[in-house]
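Student: I have a model open and would like to learn how to read its features one by one. Could we go through it together?

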Amino acid sequence: MATSKFQRARRPEHKEQRRDAILAAARELATRDGVRTVNLGDIAAEVGVHKSALLRYFETREEIYLQLTAEGWTEWTEALRSALADADPTPAGVSAVIAETLTSRPLFCDLLAHAPLNLERNVSLDTVRTFKVHTLGKVDEISQLLGDALPGLGKAGGWQAVAAITSLASTFWQVSHPPETLAQLYAEQPELSHSLTDFPRRLEELTIAVLTGLVAVQGGSPAA
C-alpha cells in the first residue's frame with residue numbers, strides 16, 4: 001500500500017478533516033460502484049491508509065454510510081423546501097418535484113434501501129439513536145412542506161406520503177440498477193427484464209397515485 005500523509009489527528013479540527021476525507025471517499029466509491037459493493041478496506045484504500053486507521057474515526061463501515069444517509073435526508077429536505085415553493089399545488093405538480101429531487105440524488109436513493117436492511121444493524125446504540133433523531137426530524141420537516149404544498153394533504157398526510165414515497169424510491173432504485181450478473185442476464189435475455197423500471201417515470205406516476213389517494217383520505221378534493 002502506498003505511504004499516506006493521513007496521520008493520527010491531534011487537534012479537533014484535524015479530526016474533523018480526517019472524518020470528512022473518509023466520508024468523501026465512501027461517497028465517491030458508493031456513487032460509482034453502489035453501496036452494496038463497498039467495504040471498509042475499499043474506503044481505506046481510497047483514502048490511502050490501513051483500515052484500522054479508519055476505526056479511530058468511525059466504529060464500522062455501516063456508521064460511515066449511516067452518516068451519509070443522514071446527510072442525504074438533510075440535502076433532500078432543503079431541495080424540497082426550495083423547489084416546492086414554486087410547485088403547482090396539485091398531486092401531479094408536487095410529484096414532479098419529488099421525483100426530480102430524488103432522481104438527482106442517486107446515492108441517497110441507494111442508501112434508503114440499505115439503511116434499514118443493514119446500516120442500522122451494525123452500529124452502537126448512541127449512533128443509531130443519533131441517526132433516528134436526525135432522520136425523524138427531517139421527515140417531520142418534509143411532512144410539513146408537503147402538507148403546505150398540497151391543499152388537503154395536511155401534515156398527517158405528509159407523514160404517510162414520506163413513508164410511502166421513500167419506500168417506493170428505495171425499491172425502484174435497486175430494481176432499476178441491477179448488479180452486473182443480472183444486467184448481463186437481461187442483456188442476453190431481454191424477455192426476463194420485465195422487472196426493470198424507468199426510475200423517474202415510475203416514481204412520479206406512483207407518487208401521483210399516493211398523493212391523490214392520501215388527499216382523498218384526508219378529506220380533501222385533489223385537482224388533476
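Student: Is Trp73 buried or exposed?

Tutor: The general idea is a cut-off on relative accessible area: buried means under 20%, exposed over 50%, and partly exposed in between, with a 1.4 Å probe and protein chains only. Trp73 has a relative accessible area of 6%, so Trp73 is buried. Phe108 is buried too, with a relative accessible area of 4%. Keep in mind that this is a predicted model, where local features need pLDDT of at least 70 and side-chain atom pairs count only at pLDDT 80 or more, while totals for chains, interfaces and linings use all residues. Residues are numbered from 1 along each chain as its sequence is written, and side-chain values use heavy atoms, leaving out hydrogens and water.

Student: How many aromatic pairs are there in the whole structure?

Tutor: Rings of Phe, Tyr and Trp (its six-membered ring) pair if their centres lie within 6.5 Å; planes under 30 degrees apart count as stacked, over 60 as edge-to-face and the rest as tilted. A search of the whole structure gives four such pairs. In one of them, the ring centres of Trp73 and Phe108 are 5.4 Å apart and the planes are at 85 degrees, so this pair is edge-to-face. Trp73 sits in helix H4 (residues 61-83) and Phe108 in helix H6 (residues 106-117), so the pair ties together parts that are 35 residues apart in sequence. Ring pairs also join Trp73, Trp76 and Phe108 into a cluster.

Student: What does Thr69 touch?

Tutor: Contact means heavy atoms within 4.5 Å. Leaving aside neighbours within four places in sequence, Thr69 is in contact with Phe108, Leu111, Ala115, Leu119 and Phe131. Thr69 is found in helix H4 and counts as buried at 1% relative accessibility. For polar contacts, the rule is a pair of N or O atoms within 3.5 Å; within protein, one must be able to donate a hydrogen and the other to accept it, and residues adjacent in sequence count only if both atoms are side-chain atoms. Here a polar atom of the Thr69 side chain lies 2.7 Å from the backbone oxygen of Tyr65.

Student: Which residues of the largest nonpolar core touch the most other members?

Tutor: In soluble globular proteins, nonpolar side chains tend to be buried together. A nonpolar core is a set of buried Ala, Val, Leu, Ile, Met, Phe, Trp, Tyr and Cys residues joined through side-chain atoms within 4.5 Å. Of the 32 residues in the largest one, Leu84, Ile98, Leu102 and Leu146 touch the most other members. At least two residues of this core come from each of H4, helix H5 (91-103), H6, H7, helix H8 (154-176) and helix H10 (199-218). A second, separate core of 29 residues includes Ala26, Val49, Ile64 and Leu119.

Student: How many helices and strands does the chain have?

Tutor: Helices (H or I, at least four residues) and strands (E, at least two) are DSSP runs, numbered from the N terminus. This protein chain has 10 helices and zero strands. Among contacts between residues at least 6 apart in sequence, 69% join residues at least 24 apart. Of its 224 residues, 43% count as buried.

Student: Where does Glu141 lie, and what does Glu141 touch?

Tutor: Glu141 lies in helix H7 (residues 125-149) and, at 29% relative accessibility, counts as partly exposed. Not counting residues up to four places away in sequence, Glu141 touches Thr77, Glu78 and Arg81.

Student: Which residues does the UniProt annotation "DNA-binding region" cover?

Tutor: UniProt positions are given in the numbering used here, feature names are shortened, and annotations may be inferred rather than shown by experiment. The unreviewed UniProt entry puts this annotation at residues 39-58. That span is 60% helix and 0% strand, and its end C-alpha atoms lie 13 Å apart. The UniProt entry, again unreviewed, also places "domain: HTH tetR-type" at residues 16-76, where the chain is 75% helix and 0% strand.

Student: Is Ala44 buried or exposed?

Tutor: At 2% relative accessibility, Ala44 counts as buried. Ala44 lies in helix H2 (residues 40-47), and its contacts, leaving aside neighbours within four places in sequence, are Val49, His50, Lys51 and Leu54.
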